[in-house]
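Please open the model in your viewer and keep the sequence panel beside it.

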Amino acid sequence: MKKALVFAAFVALLFAACKKDPVDERYFPRVKEIIQANCMSCHSPGGQGLPVIFETDEDITSRAASIKSATIDPASPQNKRMPLDGELSQADKDVILKWFEKGGRATD
Ligand code: HEC
């Protein structure tokens with residue numbers, strides 16, 4: 001009985017280890033969450049951040065480079081810091097940077 005339990009725990013651990021393959025990690029779903037939480041108040045129809053909107057995946061991927069510069073690169077008069085009313089957390093910036101460096105596509 002005890003042996004069976006140990007074996008079951010071992011199998012469960014193996015499964016958990018396989019699922020978390022970092023090579024397959026996709027950042028885009030997390031990028032979308034970050035944008036929904038921090039950017040949509042201004043970048044949706046009727047918002048003050050028009051004409052930039054982030055409604056569809058395509059809206060986001062087509063602006064990958066400007067999203068990265070607006071949130072991560074040094075702010076300047078030509079590169080306004082986004083969100084306009086604050087700053088993303090370092091963890092959120094890391095996700096955006098990894099996504100951008102992987103290719104900035106919906107599959108990355
Ligand atoms: C409080 C409102 C507000 C929020 C929140 C906000 N933005 Fe903006 N955003 C603006 C405004 C206003 C502009 C136009 C700025 C300008 O051109 O002076 C803009 C412009 C932009 C641009 C275009 C800049 C360029 O290169 O022309 C990008 C990209 C952008 N925002 C990304 C984001 C991202 C990504 C977030 C969330 C992390 C975000 N914004 C959150 C108001 C906002």
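## Starting at the ligand

Select the ligand and show the pockets of this predicted model: the ligand sits in the largest pocket. Next, display the residues around the ligand, which number 17, and pick out those that come nearest, namely Cys 39, Cys 42, His 43, Lys 80 and Met 82. If you colour this shell by residue class, it divides into eight nonpolar, seven polar and two charged residues. Colouring by secondary structure instead brings out helix α4, residues 64–71, which contributes three residues, the largest share of the shell.

Now select His 43, one of the residues that come nearest to the ligand, and look at its side chain, where an N or O atom is 2.7 Å from a nitrogen atom of the ligand. Then move to Lys 80, whose side chain places a polar atom 2.7 Å from an oxygen atom of the ligand.

## The cysteines

Is Cys 39 buried or exposed? Its relative accessible area is 14%, and because the cut-off for buried is under 20%, Cys 39 counts as buried. While the cysteines are on display, a search for disulfides will return none, as the structure holds zero of them.

From Cys 39, draw a distance to Met 82, using the C-alpha atoms: these two residues are 43 residues apart along the chain, yet their C-alpha atoms are separated by 8.0 Å. Both Cys 39 and Met 82 are among the residues that come nearest to the ligand.

## Two cis peptide bonds

Stay at Met 82 and turn to the bond that links it to Pro 83, which is a cis peptide bond with omega at about -5°. Pro 83 itself is placed in the loop between α4 and α5 (90–102). For background, most peptide bonds are trans.

Which other residues does a cis peptide bond join? Select Leu 50 and Pro 51, where the joining peptide bond is cis and omega is about 10°.

Key. Residues numbered from 1 in each chain as written. Predicted model: local features only at pLDDT ≥ 70, side-chain atom pairs only at ≥ 80, totals over all residues. Heavy atoms only, no water. Disulfide = S-S within 2.5 Å. Buried < 20%, exposed > 50% of the residue type's maximum accessible area, 1.4 Å probe, protein only. Near = heavy atom within 4 Å. Polar contact = N/O pair within 3.5 Å; in protein donor to acceptor, adjacent residues only side chain to side chain. 1 Å grid on protein atoms, 1.4 Å probe; cavity = no way out; pocket = protein on both sides within 12 Å on 5 of 7 lines; lining within 4 Å. Sits in = over half its atoms within 2 Å of the grid points. Helix = DSSP H or I, 4+ residues; strand = E, 2+ residues; numbered from the N terminus. Nonpolar A, V, L, I, M, F, W, Y, C, P; charged D, E, K, R; others polar.
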